[in-house]
Amino acid sequence: MQKIYIETYGCTLNKGDTLIMKTLLKDREFVNDPKDADLIMINTCAVRLETEERMKKRISELRKYGKKLVVAGCLSGAEPGTVMSVAPEASLIGPQAIEKVRDIVDGNIKTALNGERASITPHMMEGKIGIIPIADGCAGNCNFCITKLARRKLRSYPLRSIIESAKFALSKGAVELELTGQDTAAYGLDYGASIRLPEVVRQVADLEGDFMIRIGMMTPEQASSIIDELIDVLKLKNVYKFIHLPVQSGDDEVLKLMNRKYTIDQYKGIVGELRAKVPFLNVTTDIIVGHPGETEEAFENTLSLMKDMRFERIHLAIYSMRSNTRSASMPQIPDKVKKQRMNMAYKLYEDISLSIHKEYEGKLTSLLLTENGRQGSVIGRTVNYIPVVVRGDHELGVRVSAKIDEASFFDLKGHLI
């Protein structure tokens, strides 16, 4: 039996892609050491320049094992020439061609970068968390984004396949289902919008079992188009009171340069309505620091937005110039300035998040224990998806009560009661 070793990098959607490929290769044996493999696969990320460099280095390292090499993921999809320059003998498979993985692995074809409609969802699971891609690609065209070159078109997975994957994960002991995508709120637009995200969430939530659903990242413009229905499903008892809504900048002019399709006032309106109608809602966002056109005033506007909105978690990133994107052709901000701004933004983020988490100290909360942590700990999630580290060897997949002892900007620490 062919032995396959797989490494996966990047976002939850990439992890879901790996699970789909494993599902399609379920008649093979998966090994934990590349030395034991007949074939090595690396599922790559390319979102940032430093990430690309790390992928290139790792591809070079994996080549040295002398095994058949398959490079999958966004680096293959967006920059196949780059991959071939590092490993000319490698087979390539783009993230929207993963259903051709058997042909790639069997050597029937060497390169597959594009696919048709997405139809296969995972029937593989690791731990207590089931990752289920519901949509691939997005409806936007942001000027800074290289992922758009790798996942060129929006492809929603059939609702029937999503439900089947959810049932499978639950039958294997999953207590958390992550519905993931580049823009989950764009779900169904390629189907003529006959079924949208809230209906997907509702049907998964109706399945039997004691579990929670985490809704994945979505763009503000698509979220606004389904906001009433989105609010309804966020109120469901087995849906985390959590939303990941990237704003990217706190300045309207920078948003225009990014080709984002909303204003800051519109973004504030969306978040305001969600928070007003969904108790305990945790709003997480993404912010890019130093995008071309970000003046000192624009950066100050971003800091002001962070203070006003008090996001529990912010994924902060220094703008990274990516080839073949519109933003790369714009006048660039010096690296020194970008780093200075990043330091300021990160310090503010730490202060805001710590102040939010401090409010939990000394309080009792209900947790769902979902994964093992470091140094003999487990991680539980509050109803609004804040991680709580609990010391000791505790059973995963159960609901417990805990008292919060300590807060950091990143998480909470507590003990079971």
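A: Accessibility first: a residue is buried under 20% relative accessible area, exposed over 50%, and partly exposed in between, using a 1.4 Å probe and protein chains only. What you're looking at is a predicted model, where local features need pLDDT of at least 70 and side-chain atom pairs count only at pLDDT 80 or more, while totals for chains, interfaces and linings use all residues. Residues are numbered from 1 along each chain as its sequence is written, and side-chain values use heavy atoms, with hydrogens and water left out.

Q: OK, so where does A193 fall on that scale?

A: A193 counts as partly exposed, because its relative accessibility is 35%. You'll find A193 in the loop between β10 (176-180) and α8 (197-205); those helices (H or I, at least four residues) and strands (E, at least two) are DSSP runs, numbered from the N terminus. Check the backbone too: A193 isn't a glycine, yet its phi is positive, about 60 degrees.

Q: And F280, buried or exposed?

A: F280 is exposed, because its relative accessible area is 66%. F280 sits in the loop between α12 (264-277) and β13 (282-289). F280 also has a positive phi, about 65 degrees, without being a glycine.

Q: Now polar contacts. What does the side chain of S156 pair with?

A: The general idea is a pair of N or O atoms within 3.5 Å; within protein, one must be able to donate a hydrogen and the other to accept it, and residues adjacent in sequence count only if both atoms are side-chain atoms. Here, the S156 and D190 side chains are joined by a polar contact of 2.6 Å. S156 belongs to strand β9 (residues 155-156), and S156 is buried, given a relative accessible area of 1%.

Q: What else does S156 touch, leaving aside residues up to four places away in sequence?

A: For touching, or contact, think heavy atoms within 4.5 Å. Skipping residues up to four places away, S156 touches A118, I134, A135, A186, Y187, G188, D190 and Y191.

Q: Which residues touch the most other members of the largest nonpolar core?

A: A nonpolar core is a set of buried Ala, Val, Leu, Ile, Met, Phe, Trp, Tyr and Cys residues joined through side-chain atoms within 4.5 Å. The largest one has 90 residues, and I215 and L230 touch the most other members. Outside four places in sequence, the contacts of I215 include L179, V201, L230 and F242. There's also a second, separate core of 24 residues, with M55, V71, V86 and A90 among them.

Q: What about the second largest pocket: which residues lie nearest its centre?

A: F280, L281, I356, Y360 and N384 do, out of 13 lining residues. The volume of this second largest pocket is about 260 Å³.

Q: Where is N384, and what are its polar partners?

A: N384 is in the loop between β16 (377-381) and β17 (387-391). A polar atom of the N384 side chain lies 3.2 Å from the backbone oxygen of F280, and the N384 side chain makes a polar contact of 2.5 Å with the side chain of T382. N384 is buried, at 6% relative accessible area.

How values were computed: On a 1 Å grid over the protein atoms alone, a cavity is a set of points where a 1.4 Å probe fits but cannot get out, and a pocket is an open set with protein on both sides within 12 Å along at least five of seven lines; lining residues have an atom within 4 Å of a point. Grid points are joined across faces, edges and corners, and a volume is the space filled by probe spheres set on the points.
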